[in-house]
Amino acid sequence: MSNLIVFMSDEHNPRYSSPYGHDFVDTPNMQWLADHGTTFEHAYCPSPLCVPSRSAFLTGKRVHAVRAYGNNRLGIAPETRGLGAVLGEQGVHTVFIGKVHAYRPVAELEFSETIETYEGAWEFDEAQRRRPLAVRPGGAKRLDAYGPREAPWGNDVTYMDAAVEWLRTRAAGIDRPWVLYVNLVKPHFPHFCTEELWDKYRDHGDLPAHGVEAATAQHPYAVDLRRHFGLEHVEERQVRGLRRGYYACVSFIDEQLGRLQSALGESGLESTTNLVYTSDHGEMLGKFGLWWKCSLLEDAARVPCIAAGPDFESGVRTATPVDLHDVQATVFALTGAQHPKDWLGAPLGTLASDDRDRVVFSEYHGHGTRAGAFMVRQGDWKLIHNVQAPDQLFDLARDPEEIENRYGACPAKAGELSAALAGICDPASEDREAEAFWERQLRLYRQGEADS
């Protein structure tokens, strides 16, 4: 048995880090973790949106099973058997620090300790409406939210201060296995940063290689997202500024990872503690004219996943697709707890380095598109089933940027992945359930407004 730290950032597209091949985003601590641990090259989130992804991780369930379809949490049933409760029942000490943004308030998640937490907004978001598609008020204002400013990190430094202090003063005194779950908000927008990190990327306010001229950018769901967020007229200066600011925010997260690594060493915990770095979803960062998340394309659906410590081999790269449920299953395996039989995921350390048959799944039911979407990846191939738009099939070995939709050209492969998807859920049925649940949330909200 060993201890585990799960460090989860918010909105980190792994392609913007050196372990995943980026040539100038400076992430030395992520690189150290990769050099001394195992890098999972194809890791995915359960859903490319905060509340659905984090809720799935904490419950061991699919997003559609939790019914955390979007960032609206009104009406989601309490989950009394979440990660904190189940581990606690088996004698594992659990600590939650930082951003919550899950299906219930942190007090109901039953961690042994909660320190310096941030719930995320609980206000009801009527812009989640999909049919007809809502246009988000003020969405385009985000496009100028970048560059240096005073105190740019919100409470992220406070959260990491708390994590470092816990490691230095409390961890060694815990007489049972423990899990420290640290959640920072960056590199999530806004892309504000310090002068120092802004200057670091002064020559790197670049443009995405694939913009709105690409065929993938013309897909109806991509058009929906640009309309929903008001992205029809993004200026070049905004694109360059937002990307430069994002690089700075990623470097900030890397610095915080370094603080965790240093605290582990200073506390003498390295030989008994594993560390996993991941994120809740990615960021499109202007590719195909899209920003933020809300898409099952690679840049929004993929996450970093790098694990190091006594239970992971050094300098290993694993091509087998994984997801955050596998990170969750790893928490149980490394602490010696029994993984609930009805929970998803397999411990990362048990997976073959290149399993071509393994299927991973993600789904999206939130704001910005006319209907739901479902993704399966197996081997080099990835299918996105869009409920009210054409399906997309990508050969990621030949086309990692998802430029060419092969759905019509490869019917056998499309059928194979469609069958894999059908084995997980009925997309049409789940889309109807999601829409009905949204309508119920809206009724509850309006009833509450009338009663207040």
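Colleague: Which helix and which strand each supply at least two residues of the lining of the largest cavity?

Modeller: Helix H7 (220-229) and strand E16 (381-386) do, and H7 gives the largest share, 3 residues. Helices (H or I, at least four residues) and strands (E, at least two) are DSSP runs, numbered from the N terminus. This is a predicted model, where local features need pLDDT of at least 70, side-chain atom pairs count only at pLDDT 80 or more, and totals for chains, interfaces and linings use all residues. Residues are numbered from 1 along each chain as its sequence is written, and side-chain values use heavy atoms, leaving out hydrogens and water.

Colleague: What makes a space a cavity and not a pocket?

Modeller: On a 1 Å grid over the protein atoms alone, a 1.4 Å probe fits in a cavity but cannot get out, whereas a pocket is an open set with protein on both sides within 12 Å along at least five of seven lines; lining residues have an atom within 4 Å of a point. The structure holds 3 cavities of 30 Å³ or more. The largest cavity has a volume of about 150 Å³, and of its 16 lining residues, Tyr221, Ser295, Leu296, Asn386 and Gln392 are closest to its centre.

Colleague: Why is helix H5 called roughly parallel to H8?

Modeller: The axes of H5 (residues 156-169) and H8 (residues 236-266) come within 9 Å and cross at roughly 10°. Therefore H5 is roughly parallel to H8, the term for angles under 35 degrees. Their crossing is right-handed. By class, their contact (heavy atoms within 4.5 Å) has 9 nonpolar, 1 polar and 5 charged residues.

Colleague: Which residues meet there?

Modeller: Among them are Val157, Met160, Val164 and Leu167 in H5, and Phe252, Leu260 and Leu264 in H8.

Notes. Axes are lines fitted to C-alpha atoms, for helices over the stretch in contact, and angles run from 0 to 180 degrees between N-to-C directions. Angles under 35 degrees count as roughly parallel, over 145 as roughly antiparallel, 65 to 115 as roughly perpendicular and the rest as oblique. A crossing is left-handed if the near helix is turned anticlockwise from the far one by less than a right angle, and right-handed if clockwise. Ala, Val, Leu, Ile, Met, Phe, Trp, Tyr, Cys and Pro count as nonpolar, Asp, Glu, Lys and Arg as charged, and the others, Gly among them, as polar. Grid points are joined across faces, edges and corners, and a volume is the space filled by probe spheres set on the points.
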